[in-house]
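Subject: Structure for your review

Hello,

Here is the structure you will be working with. Please look it over before reading the notes below.

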Amino acid sequence: MTTLAATAVTAAYRERVVLRECSFAMGSGEIVAVVGPNGAGKSTLLRVLAGLLRPTAGTVALDGQDLATLSRSQVARRVAVVPQIFDTLFPFTVREVVALGRTARLGSFGRASADDVVAVARAIDELDLAPLASRRVDRLSGGERQRAVLAMALAQEANVLLLDEPTVHLDPGHQLATLVLLRDLATRRQLAVCAVLHDLNLASAFGSRIVVMAEGQVIRDGAPLEVIHADLVTAVFGDGLEVVERDGHPAVLPRIASPR
Amino acid sequence: MRTLSVLALLAAGLVVSAAAGILIGAVAIGPGDVLAALFGSNDVNGTIIRELRLPRVLGAALVGGSLATAGALLQGLLRNPLADPFVTGTSAGATLAAVAAIVLGLAAPLVPLAAFAGALVTVTLVWRLARLGGGTTVLTVLLAGVVLTSFAGAVVTFLLVSSDRLALQLRAVLGWLQGGVSVISWPELGVAAIVVALGLGFALVLAHRVDAYAFGEETAATLGVDPDRTTTAVLGATALLSGAAVALAGLVGFVGLVIPHALRFVIGATHRRLVPASFLAGAAALVLADLGSRTLIAPAELPVGAITGLIGAPFFLALLVRSRRIVV
């Protein structure tokens with residue numbers, strides 16, 4: 001059982017404070033969907049949890065250990081981040097990209113052990129990338145490339161998986177496929193998954209928990225049906241959205257004013 | 001397996017190029033006499049082979065190998081196929097420091113160290129500027145290179161004109177500036193070889209970490225690379241290699257750009273393979289370019305930088321056009 005927790009974290013880019021005494025915790029087997037308006041601090045929270053941004057106050061703890069005391073390679077063995085940039089101009093093959101996930105565990109001169117080879121093969125398998133494994137990643141479609149970087153993160157064999165808007169460049173079919181995959185992986189590998197999502201419906205459908213952020217703080221945290229309510233949606237995202245319930249999940253629809 | 005055969009092929013190519021470089025020259029010397037000269041005959045042939053051709057070929061190999069390796073590292077680190085020591089202004093910075101060392105009258109073995117320091121300052125500056133550019137660094141790096149190169153060029157001109165010490169040997173210095181390996185002495189070669197060995201060693205150790213930069217510095221960090229330490233080390237290795245190359249041969253352009261790029265089509269992008277392959281191919285390429293520079297219009301000689309510029313500049317333009325989607 002892994003836990004990753006931020007306690008009263010304040011974080012800033014130079015003078016601009018983005019997180020204000022924000023607290024958040026997650027554990028194995030959970031899929032936490034972080035939602036909120038632009039500028040609420042969602043991506044910053046993710047960067048703080050990944051140890052990429054040092055908080056100016058508060059702590060982030062990985063299984064009770066202060067993240068700030070761990071080296072990058074120690075963090076990388078336990079926390080994987082799916083990158084938002086997955087463009088490269090260089091002709092890396094899919095297998096080579098997935099193998100980048102083993103960077104923290106390689107021997108000197110980048111020698112791969114038997115474990116490394118197995119982990120890469122398993123990640124390729126789980127994301128159905130076998131037919132593409134020898135293809136150049138810069139020649140794949142956006143969706144295929146994203147699967148490759150997701151496999152790279154899985155190859156890290158970390159217990160925590162962090163994703164910043166993993167569906168942002170995908171069409172609805174691929175969005176759905178990505179999230180189904182994430183849910184399966186979270187269950188099968190007992191991962192703690194935290195994903196920043198813009199789409200409230202996808203968040204409600206796949207999140208075991210929804211965390212709503214506004215102005216640098218977590219303002220609501222709970223099961224989708226408890227959290228996604230008409231008043232909250234109006235308070236956070238403004239007028240013009242209505243919430244209906246369908247098959248035990250809340251759904252958020254635009255309320256279209258009829259032309260006068 | 002395929003990698004090993006490519007590396008073996010490149011090594012064989014280097015040996016053949018070097019043999020050609022030693023056998024062919026302004027004075028026709030038969031292969032038997034060349035062998036005799038290599039192993040110590042004390043006639044004119046011995047002097048030509050041991051004091052002129054051999055150091056020249058070895059120098060060209062070191063310069064080409066260093067520049068290509070530095071290019072591979074810079075391209076990987078900056079995620080930019082258009083980067084190399086010449087284009088980024090790193091070579092110009094090294095030149096400026098080397099010329100300043102000569103003007104100040106420092107001992108000859110200190111010149112490569114000065115060149116290293118100049119290269120380190122410049123390449124760090126380029127890295128900082130590229131970082132300001134955010135995601136797309138390609139244009140920033142090129143612009144920074146243009147500015148740094150013309151600034152260094154201006155200061156070098158000033159130093160050349162105002163220094164008595166240099167005015168006397170202006171022709172030699174100008175020849176060196178344009179990229180020439182024609183007059184290389186054994187002591188120079190020895191110092192440069194040590195610096196290059198250091199730089200290449202670092203490059204080989206760091207290679208697999210450079211791969212992690214494929215999706216940016218932040219992703220490198222989440223993959224377990226300490227970005228500050230690794231970046232510093234890679235920039236240091238680049239500076240060692242560029243500094244040694246400049247100390248030996250002045251400004252030789254585009255080797256670092258063309259060689260890694262061409263090799264990626266053959267052996268892929270992984271730096272663990274690309275770094276050693278770049279060294280071998282760069283070395284062979286510059287030995288051949290130097291051979292061309294002294295035979296094309298014999299008995300006159302071109303600086304080898306003219307040959308690499310002639311081939312490299314059109315290649316650079318083609319690359320720029322092809323990668324325009326990331327340049328904007």
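I start with helix 1 of chain B, where the face turned away from the buried side carries the exposed residues R2(B), L4(B), S5(B), A8(B), A12(B) and V15(B). Please keep in mind throughout that this is a predicted model.

Helix 1 of chain B covers residues 2-23, which is 22 residues. From its first C-alpha to its last, helix 1 of chain B reaches 31 Å, close to the 32 Å expected at 1.5 Å a residue. The buried residues in helix 1 of chain B are L10(B), L14(B), S17(B), A18(B), G21(B) and I22(B). Seen down the axis of helix 1 of chain B, these buried residues fall within an arc of 130°, so they line one face of the helix. As background, an α-helix has 3.6 residues a turn, so residues three or four places apart point the same way.

What do the buried residues of helix 1 of chain B pack against? Their partners are helix 2 (31-38), helix 3 (44-78) and helix 13 (271-295), which also belong to chain B.

Helix 13 of chain B contains L286(B). L286(B) counts as buried because 34 other C-beta atoms lie within 10 Å, and the cut-off for buried is 20 or more. Leaving aside neighbours within four places in sequence, L286(B) is in contact with A60(B), A61(B), V63(B), G64(B), V255(B) and V304(B). A269(B) is 17 residues from L286(B) in sequence, and the two are 22 Å apart in space, C-alpha to C-alpha.

Next, the contact between the chains. Chain A gives 26 residues to this contact and chain B gives 28 residues. On the side of chain A that touches chain B, helix 2 (72-76) and strand 6 (79-82) of chain A each supply at least two residues. The largest share of that side, three residues, comes from helix 2 of chain A. By type, the residues on the side of chain A that touches chain B are 17 nonpolar, seven polar and two charged.

Chain A also has a domain assignment. Domain 1 of chain A is 27-53 + 66-78 + 161-260, and domain 2 of chain A is 82-157. Their C-alpha centres lie 25 Å apart. Where the two domains of chain A touch, 12 residues of domain 1 are in contact with 10 residues of domain 2. Helix 2, strand 7 (160-164) and helix 6 (172-188) of chain A each supply at least two residues of the domain 1 side. The largest share of the domain 1 side, three residues, comes from strand 7 of chain A. The residues of that side divide into six nonpolar, three polar and three charged.

Last, the strands of chain A. An open sheet of four strands has the order 2-1-4-5, with antiparallel pairing. Strand 2 (16-27) and strand 5 (65-66) of chain A stand at the edges with a single partner strand each, so one side of each is left without a neighbour in the sheet. Strand 4 (residues 57-62) and strand 5 of chain A run antiparallel and are joined by two bridges. In strand 5 of chain A, D66(A) stands opposite A61(A).

Strand 9 (residues 209-214) and strand 10 (residues 217-222) of chain A also run antiparallel, joined by five bridges. V218(A) in strand 10 of chain A is the bridge partner of M213(A). Strands 9 and 10 of chain A form a hairpin with two residues between them, and E215(A) in the turn has a positive phi of about 50°.

Regards

Notes
Residues are numbered from 1 along each chain as its sequence is written. Chains are lettered from A and ligands numbered from 1 in the order in which they are written. This is a predicted model: local features need pLDDT of at least 70, side-chain atom pairs count only at pLDDT 80 or more; totals for chains, interfaces and linings use all residues. Two residues are in contact if their C-beta atoms, placed from the backbone, lie within 7 Å. Ala, Val, Leu, Ile, Met, Phe, Trp, Tyr, Cys and Pro count as nonpolar, Asp, Glu, Lys and Arg as charged, and the others, Gly among them, as polar. The expected span of a helix is 1.5 Å times one less than its number of residues. A residue is buried if 20 or more other C-beta atoms lie within 10 Å of its own, exposed if 12 or fewer, and partly exposed in between; C-beta atoms are placed from the backbone. The arc is that of the directions from the helix axis to the C-beta atoms. Domain bounds come from an automatic or database domain assignment. Two strands pair if DSSP finds at least two bridges between them.
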